[in-house]
Amino acid sequence: MPVPRSRVPLRLPYVVCAAFLLLLAGCGAGSLTGMDGNGATTKAASATGVPGPPGAAGAPGAPAASAQPRTAAPPPPSPPAPPREIPGLGPRTRAQIPAGARQAFVVTGESPDSNRSTAVLYTRDDPAVGWRAALAPWPAHNALNGWTAEHYEGDLRSPVGVFTLTAAGGRLEPPATTFPYDQSPDFRVEGEGFHGEPLEGSFDYVIAIDYNRVPGTSPLDHTRPLGSDRGGGIWIHVDHGGPTQGCVSVTEDRMRELLTALDPAKEPVIVMGDAGSLSR
């Protein structure tokens, strides 16, 4: 007896099944591997055409990598600037300035035989920064015959070198100063200078230069540790309009200004000599 059609199981032809499988394979061809014509295994290319495993950069569905800007490395820090040195001083002269000195009155002669100079006060408040000019340059006089590295009594030359400044004095009352100051009528002077100019008032204000003397004593002290033949009484004093016998001189208003500016706590020194000598 024939079986009713509704109970006969449906069997799709093999050709239809094969076609259906081929259709499925075509949808996922981008992620399948197969064999090439030579039997070698090949990997499917990604959407960009670059071979790679699923999930690799450029594969279908993976976001494109964004270009990251390259950050330039910061420049190395600049080395600190070296401390400023006093202009015109060479290494030998600078080495004579005591490490603790924070004020330097620099007197620079025009030449070894000149009696005209320029004076500048320098300060060193911060060793890391170095020296700076505290006052504008002043005209000055030195000894009649100029400068010498080996001063002797009567040579009419000013000694070259670096000397401490530790005491002051004069005939007049001092300006506002912290320097030890010896006011005395013994600072009176008379007579004429080398050009016939009057010397009166030259010692109204003086600052003793510690050449061949006992530091800290009155400028009137006549003790000569190196002997009397090496001279002495070398001062900074009021200018009388001409060369000196061995001292350095600036105008009276500059003397008052210098006395006010100098501070014993800063261990002031004078650096004095012709430009050529000081540059060594």
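Colleague: Which residues is serine 249 in contact with, leaving aside its neighbours within four places in sequence?

Modeller: This is a predicted model. In it, serine 249 is in contact with Pro139, Ala140, His141, His237, Val238, Asp239, Gly242 and Thr244, once neighbours within four places in sequence are left aside.

Colleague: Which of its contacts is a polar one between side chains?

Modeller: The one with aspartate 239. The two side chains make a polar contact at 2.6 Å.

Colleague: Where does serine 249 sit, and is it buried or exposed?

Modeller: Serine 249 is in strand 13, which covers residues 248-250. Its relative accessibility is 0%, so serine 249 counts as buried.

Colleague: Switching to serine 158. What element is that in?

Modeller: Strand 8, residues 158-159. Serine 158 has a relative accessible area of 0%. The cut-off for buried is under 20%, so serine 158 is buried.

Colleague: What lies 2.9 Å from a polar atom of its side chain?

Modeller: The backbone oxygen of glycine 246.

Colleague: And which residues does serine 158 contact, beyond four places in sequence?

Modeller: Asn142, Ala143, Gly146, Trp147, Thr148, Gly246, Cys247 and Met272.

Colleague: What about serine 114? Where is it?

Modeller: In the loop between strand 3 (103-109) and strand 4 (116-123).

Colleague: How far apart are the C-alpha atoms of serine 114 and histidine 141?

Modeller: They are separated by 9.0 Å. Along the chain, the two residues are 27 apart. Histidine 141 also turns up among the contacts of serine 249.

Colleague: Which residues line it?

Modeller: Ile209, Tyr211, Arg213, Pro219, Asp221, Arg224, Gly232, Gly233, Ile234 and Trp235 line the largest cavity. They divide into 5 nonpolar, 2 polar and 3 charged. Gly232 and Gly233 are also named among the residues closest to the centre of the largest pocket.

Colleague: Now helix 3. Which of its residues are buried?

Modeller: Met255, Leu258 and Leu259, in a helix that covers residues 252-261. Seen down the helix axis, the buried residues fall within an arc of 100 degrees, so they line one face of helix 3.

Colleague: And the protein as a whole: how many helices and strands?

Modeller: 4 helices and 14 strands. The protein has 280 residues, and buried ones make up 35% of them.

Colleague: Of the contacts between residues at least 6 apart in sequence, what share joins residues at least 24 apart?

Modeller: 60% of them.

Definitions and conventions. Residues numbered from 1 in each chain as written. Predicted model: local features only at pLDDT ≥ 70, side-chain atom pairs only at ≥ 80, totals over all residues. Heavy atoms only, no water. Helix = DSSP H or I, 4+ residues; strand = E, 2+ residues; numbered from the N terminus. Buried < 20%, exposed > 50% of the residue type's maximum accessible area, 1.4 Å probe, protein only. Polar contact = N/O pair within 3.5 Å; in protein donor to acceptor, adjacent residues only side chain to side chain. Contact = heavy atoms within 4.5 Å. Arc of directions from axis to C-beta. 1 Å grid on protein atoms, 1.4 Å probe; cavity = no way out; pocket = protein on both sides within 12 Å on 5 of 7 lines; lining within 4 Å. Nonpolar A, V, L, I, M, F, W, Y, C, P; charged D, E, K, R; others polar.
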